[in-house]
Amino acid sequence: MTGLITSAANAQVKALRALLEQKKERIASGTFVVEGERNINAALAAGWLPVQFAASPAVILPPERSALCLRVTPELMARLVGKDNPQPLLAVFRQRWSELSAAQRGLWVALEDIHDPGNLGTIIRTAAAVGAQGLILIGHCCEVYAPESIRASVGTFAHLQYIKCSASEFLAWRTGYSGRVVATHLQGSVDYREPDYPQPLILLMGSESHGLSSGLTASADIKVRIPMRAEVESLNIASATAVMLYQMPA
């Protein structure tokens with residue numbers, strides 16, 4: 001526990017702000033920030049390891065007390081997170097990453113080149129809601145552990161596993177995968193409501209702007225389409241993923 005910190009020039013506060021604002025700091029440290037008591041308690045309950053807390057003076061800390069705690073003024077907390085009404089409690093956690101071998105069982109969502117962290121966080125929330133095992137992030141995806149993704153997940157990030165890989169790594173692993181791979185595609189010939197979806201299963205979803213690459217599309221066992229009116233070009237990636245996942249609940 002530290003004394004009350006009032007200055008943004010404090011070295012520990014500057015390090016926390018860098019973690020919130022800079023991808024390179026999150027990558028280098030292997031940590032990330034969670035905001036709010038509800039989301040923090042969800043992570044603690046799921047066994048995520050806290051490194052540090054930052055709290056306004058009146059906040060009662062969670063039972064996990066082994067991590068360093070910074071006490072900061074409400075004004076400084078607002079400057080840290082860039083909000084007028086910030087959560088009065090932040091926590092820094094260790095990131096968790098799994099290997100592709102973890103995806104051999106259950107339902108997984110594989111996302112290629114997803115760029116919007118709000119969409120990613122919403123997909124995390126939906127995947128957790130249906131009982132999926134986790135997400136496979138293929139290619140140049142935005143960060144699971146970016147503050148925007150974590151906020152959009154509303155604490156549900158704590159219930160999933162995460163894998164990062166290139167398209168070539170996924171395709172090489174896929175040759176030994178014992179389950180089924182389903183891709184959504186505008187040229188899919190099968191209505192998504194028609195097939196059965198036995199597990200293990202991977203749902204492949206492409207980027208917001210370009211969809212799935214040809215290599216990943218070709219790797220799918222089945223390509224399905226979500227019917228839409230002719231004047232509607234496409235669904236938002238988070239909405240399309242939700243439609244698919246609720247057709248194949250875990």
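A residue counts as partly exposed when its relative accessible area lies between the 20% under which it is buried and the 50% over which it is exposed. In this predicted model, Arg193 is partly exposed because its relative accessible area is 49%. Asp191, at 9% relative accessibility, is buried. The side chains of Arg193 and Asp191 form a salt bridge, with an N to O distance of 2.7 Å.

The protein chain contains nine helices and 12 strands. Its radius of gyration is 20 Å, close to the 18 Å that the globule rule gives for 250 residues, so the chain is as compact as a globular protein of that length. The C-alpha trace spans about 65 × 40 × 30 Å along its principal axes. Of the 250 residues, 49% are buried. Contacts between residues at least 6 apart in sequence were also examined, and 76% of them join residues at least 24 apart. The accessible surface of the protein chain amounts to about 11900 Å², and carbon and sulfur atoms contribute 49% of this area.

Six salt bridges were counted in total, among them the Arg193 and Asp191 pair described above. Another of these joins the side chains of Arg17 and Glu21, at 2.8 Å from N to O. Both residues belong to helix 1 (residues 11-21), where they are four residues apart, about one turn of the helix. An α-helix has 3.6 residues a turn, so residues three or four places apart point the same way. Arg17 is partly exposed, with a relative accessibility of 31%.

A salt bridge also connects the side chains of Arg174 and Asp221, again with an N to O distance of 2.8 Å. This pair links distant parts of the chain, 47 residues apart: Arg174 is in helix 7 (residues 167-174), and Asp221 is in the loop between helix 8 (214-219) and strand 12. Arg174 is buried, since its relative accessible area is 13%. Asp221, with a relative accessible area of 45%, is partly exposed.

Helix 9 comprises residues 237-245, and its buried residues are Ile237, Ala238, Ala240, Thr241, Met244 and Leu245. These residues lie on the same side of helix 9 because they cover an arc of only 160° around the axis. At the start of helix 9, the backbone nitrogen of Ala238 lies within 2.8 Å of a side-chain oxygen of Asn236.

Backbone geometry was examined at several loop positions. The peptide bond from Gln199 to Pro200 is cis, with an omega near 5°. Pro200 lies in the loop between strand 10 (190-191) and strand 11. Asp113, although not a glycine, has a positive phi of about 55°. Asp113 is located in the loop between strand 6 and helix 5, and its relative accessible area of 23% makes it partly exposed. Val154 likewise has a positive phi, near 50°, and is a residue other than glycine. The loop that holds Val154 runs between helix 6 (147-153) and strand 8 (161-165). Val154 is partly exposed, with a relative accessible area of 26%.

Notes
Residues are numbered from 1 along each chain as its sequence is written. This is a predicted model: local features need pLDDT of at least 70, side-chain atom pairs count only at pLDDT 80 or more; totals for chains, interfaces and linings use all residues. Side-chain values use heavy atoms; hydrogens and water are left out. Buried means under 20% relative accessible area, exposed over 50%, partly exposed in between (1.4 Å probe, protein chains only). Helices (H or I, at least four residues) and strands (E, at least two) are DSSP runs, numbered from the N terminus. The arc is that of the directions from the helix axis to the C-beta atoms. A polar contact is a pair of N or O atoms within 3.5 Å; within protein, one must be able to donate a hydrogen and the other to accept it, and residues adjacent in sequence count only if both atoms are side-chain atoms. The radius of gyration is taken over C-alpha atoms; the globule rule is 2.2 Å times the number of residues to the power 0.38. Contact means heavy atoms within 4.5 Å. Accessible areas come from the Shrake-Rupley method with a 1.4 Å probe; for residues, only the protein chains shown count as cover. A salt bridge is a side-chain nitrogen of Lys or Arg within 4 Å of a carboxyl oxygen of Asp or Glu.
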